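Me: I have a structure open and would like to go through it bit by bit. Can you help me read it?

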Amino acid sequence: MPGYDKVGCIFETFWETPVLIQPSGIGGTNWSPMPYSPDTGYFYVPGTVRTSAFTRYGDKYVRGLRYVGGTQAAPIGSVMTGTFTAIDSKTNKIAWQHKTPYRIGGGGGSTVTAGGLVLRGEPDGHFLALDAKTGEELWRFQTGFGAEAPPVVYEVDGEQYITIATGGNQLQGSSYGDAVWTFSLKGQLGPLWAPPPPANAAGPIGPIAPGADTIKIGDNNVEYAYGPARTRIKAGTTVTFTNVGDLPHDATALKQSEWSTGTLAKGESKTVTFMKPGIHYYICTPHPWMYGQIIVEP
């Protein structure tokens, strides 16, 4: 990417000059369930392909507060995609792999059945059934919301059911919902409309709030988000950042040393005055998947 002179794999060293690294701590697979099939000998692993710019930040250590000292935020506009991979446990090699247009490494994972099916959801709302041995797609259903929970397979009175909650996922950027779908061979319901697709490039999302000079971190019970994430103000405006979440957060300019609120505990606030017109991006250094944007007009 332009502006980055050094790139490397996961253990590449870095200091104050940003180094692009893959898959990084916000790539690869995260807490998603990775089921194992004793029939195939495969693990089924969702992954995110995401580039991070690792760099040191000059944080001051304060006793009792979280100390990070650096960041691994993905560069604004960098592409984020995904993979779903069957890994052979006997050889540690890829048996088959699907590439996805969205990141899936922080989603709900999958479930594998004794009948030879892999069941998994996607952030675009689709619920899939795959052949566990070959990876062939056998069935696809649009749930209408981010299908980001691990499917559950069970039996009642001799009839098999498959259930998945489709509530969306903040980390994946998929559409929120409150639906729970249950499927059987006797199912009669059809699919829903497709939700808005999740972002496949790093950066703040959501509408631009004109004139907003108060930004809440962790607002509306969404811990890892700024509200609003994007705002437009006039030069000279003082913006108040308030942490209403449960964890310590900050707002720090993506360009190092320009400005920072410093670490804010729950209930704490800090103001920053923006004099320079232009587009100002910022992140939370302890949680570098959080992005904000302030558009300053003359």
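Me: Is Glu12 buried, partly exposed or exposed?

Reply: Glu12 is partly exposed, with a relative accessible area of 28%. Buried means under 20% relative accessible area, exposed means over 50%, and partly exposed is in between (1.4 Å probe, protein chains only). Keep in mind that this is a predicted model, where local features need pLDDT of at least 70, side-chain atom pairs count only at pLDDT 80 or more, and totals for chains, interfaces and linings use all residues. Residues are numbered from 1 along each chain as its sequence is written, and side-chain values use heavy atoms, with hydrogens and water left out.

Me: Which residue does Glu12 form a salt bridge with?

Reply: With Lys6; the closest N and O atoms are 3.5 Å apart. A salt bridge here is a side-chain nitrogen of Lys or Arg within 4 Å of a carboxyl oxygen of Asp or Glu. Lys6 counts as partly exposed, at 36% relative accessibility.

Me: How many salt bridges does a search of the whole structure find?

Reply: The search finds 9. Among them is the one between the side chains of Glu16 and Arg56, at 2.5 Å from N to O. Glu16 lies in the loop between β1 and β2 and Arg56 in strand β4, so this pair ties together parts that are 40 residues apart in sequence. Strands (E, at least two residues) are DSSP runs, numbered from the N terminus.

Me: And Lys90 with Asp88, how far is it from N to O?

Reply: That salt bridge is 3.3 Å, N to O. Lys90 counts as exposed at 61% relative accessibility, whereas Asp88 counts as buried at 13%.

Me: Back to the strands. What is the order in the open sheet of 4 strands?

Reply: The order is β1-β2-β4-β5, with mixed pairing. β1 (6–8) and β5 (70–71) stand at the edges with a single partner strand each, so one side of each has no neighbour in the sheet. Two strands pair if DSSP finds at least two bridges between them.

Me: Which of them run parallel or antiparallel?

Reply: β1 and β2 run parallel, joined by 3 bridges. β2 and β4 run antiparallel, also with 3 bridges, and β4 and β5 run antiparallel with 2. As examples of partners, Gly8 is bridged to Ile21 in β2, Val19 stands opposite Phe54 in β4, and Thr55 has Thr71 in β5.

Me: Why is β4 largely enclosed?

Reply: Because 4 of the 5 residues of β4 (residues 52–56) are buried, the strand is largely enclosed by the rest of the structure.

Me: New topic. How much space lies in the largest pocket?

Reply: About 560 Å³. Of its 28 lining residues, the closest to the centre are Gln170, Ile205, Tyr224, Ala225 and Ala229. β23 supplies the largest share of the lining, 3 residues. On a 1 Å grid over the protein atoms alone, a pocket is an open set of points with protein on both sides within 12 Å along at least five of seven lines, a cavity is a set where a 1.4 Å probe fits but cannot get out, and lining residues have an atom within 4 Å of a point. Grid points are joined across faces, edges and corners, and a volume is the space filled by probe spheres set on the points.

Me: How many cavities of 30 Å³ or more are there?

Reply: There is 1, and about 70 Å³ of space lies in the largest cavity. Its lining includes Ile104, Arg120 and Glu148. Ile104 counts as buried, at 7% relative accessibility.
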